[in-house]
Amino acid sequence: MRKSLIAGNWKMYKTTEEITSYFSEFLPLVTNATVDIAICTPTIYLSKAIKLTDDSNVKIGAENCFHEIEGAFTGEVSIGMLVDIGCTYTIIGHSERRLSFCETDKSVNNKMKAALAGGIIPILCCGESLLQRESQITNAWIEIQIKMGLLDITVEEMQNVVIAYEPIWAIGTGKVATVEQAQEVICFIRQIIKSLYGETTAEAIRILYGGSVNANNIKSLMSTEDIDGALVGGASLKPIDFAKIVNF
């Protein structure tokens, strides 16, 4: 059985004071949650979030990372640095990183290998634009992203990989893929994993859905055979709203 994972992605929001208030309200609401919980915060707040969630059932992740161990890479944060402060997860290949910061499938793959080598659980993101969906190339596009992102990743390493399917047209738009659309693509992703790594790995890997997830649609999404959780953006910024999603 795959244990569900609900992960929040705060993006570039919140202040120190807001983070303290958030966790004081959120943690008591999810004490008895039956799913794994992760919150990915801006880099500058990772240490504080880790301290505030110490001895809780909430794990903290980064929203990004860099693939080099160290060096003259101004502004970047290495996997070793994330491990050093106690991070558990890192998001890799989010569409906003690909679009706004010109990340490529190659750079995503480099980050995946660095995260796994360093002991951080990567959440590999994939997803198509509205034009790609309307052009009926969703599956082809997703297959490229998955195969390139996982290039040279071993079967053993796959035990620590999480994949998140986030259709770009549903991120922050209020639109959400229908349950049938989400299930169809995530089932297809599982078939890709099966072709690459075998049925055992395909059945074990957790695949999340992301894109305007909220308390009203989480239960229907989680009722499907292949959706193992959610990567939540805007709704994760409000503790009560996110707790409702976690406790679906």
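Student: Where does Asp152 lie?

Tutor: Asp152 sits in the loop between helix 7 and helix 8. Keep in mind that this is a predicted model. Asp152 has a positive phi of about 70°, although it is not a glycine.

Student: Why is Asp152 called exposed?

Tutor: The label exposed needs over 50% relative accessible area. Asp152 has 59% relative accessibility, so it counts as exposed.

Student: And Ser212, is it buried or exposed, and what makes it so?

Tutor: Buried means under 20%. Ser212 comes in at 19% relative accessibility, so it counts as buried. Ser212 also has a positive phi, about 60°, although it is not a glycine. You'll find Ser212 in the loop between strand 7 (206–210) and helix 11 (218–222).

Student: How many disulfides are there, and how do you know?

Tutor: The count comes to zero. A disulfide needs two cysteine sulfur atoms within 2.5 Å. For Cys87, the closest cysteine sulfur is in Cys40, 8.0 Å away, so that is too far for a bond. Cys126 is in no disulfide either: its nearest cysteine sulfur, that of Cys125, is 7.6 Å away.

Student: Why are Cys87 and Cys126 called buried?

Tutor: The cut-off is under 20% again. Cys87 has a relative accessible area of 8%, so it is buried. Cys126 has 4% relative accessibility, so it counts as buried too.

Student: How far does helix 5 reach, and what is expected?

Tutor: Helix 5 (residues 105–118) has 14 residues and reaches 20 Å from its first C-alpha to its last, close to the expected 20 Å. Just after helix 5, Gly119 takes a positive phi of about 95°.

Student: Which residues of helix 5 are buried, and what covers them?

Tutor: Among the buried ones are Val108, Lys111, Met112 and Leu116. The cover includes helix 3 (79–85), strand 4 (89–92), helix 4 and helix 7 (138–149).

Student: Where is Ser95, and why is it called buried?

Tutor: Ser95 is in helix 4. At 9% relative accessibility, it falls under the cut-off, so it counts as buried. Leaving aside neighbours within four places in sequence, Ser95 is in contact with Ile168 and Ile171. Ser95 and Ile193 are 98 residues apart in sequence and 21 Å apart in space, C-alpha to C-alpha.

Student: What lines the largest pocket?

Tutor: There are 14 lining residues, with Lys11, Met12, Glu63, Arg97 and Phe101 nearest the centre. The pocket's volume is about 410 Å³. Helix 4 (residues 95–100) gives the largest share of the lining, three residues.

Student: How many of the lining residues fall in each class?

Tutor: Five are nonpolar, five polar and four charged.

Terms used. Residues are numbered from 1 along each chain as its sequence is written. This is a predicted model: local features need pLDDT of at least 70, side-chain atom pairs count only at pLDDT 80 or more; totals for chains, interfaces and linings use all residues. Side-chain values use heavy atoms; hydrogens and water are left out. On a 1 Å grid over the protein atoms alone, a cavity is a set of points where a 1.4 Å probe fits but cannot get out, and a pocket is an open set with protein on both sides within 12 Å along at least five of seven lines; lining residues have an atom within 4 Å of a point. Grid points are joined across faces, edges and corners, and a volume is the space filled by probe spheres set on the points. Helices (H or I, at least four residues) and strands (E, at least two) are DSSP runs, numbered from the N terminus. Ala, Val, Leu, Ile, Met, Phe, Trp, Tyr, Cys and Pro count as nonpolar, Asp, Glu, Lys and Arg as charged, and the others, Gly among them, as polar. The expected span of a helix is 1.5 Å times one less than its number of residues. Buried means under 20% relative accessible area, exposed over 50%, partly exposed in between (1.4 Å probe, protein chains only). Contact means heavy atoms within 4.5 Å.
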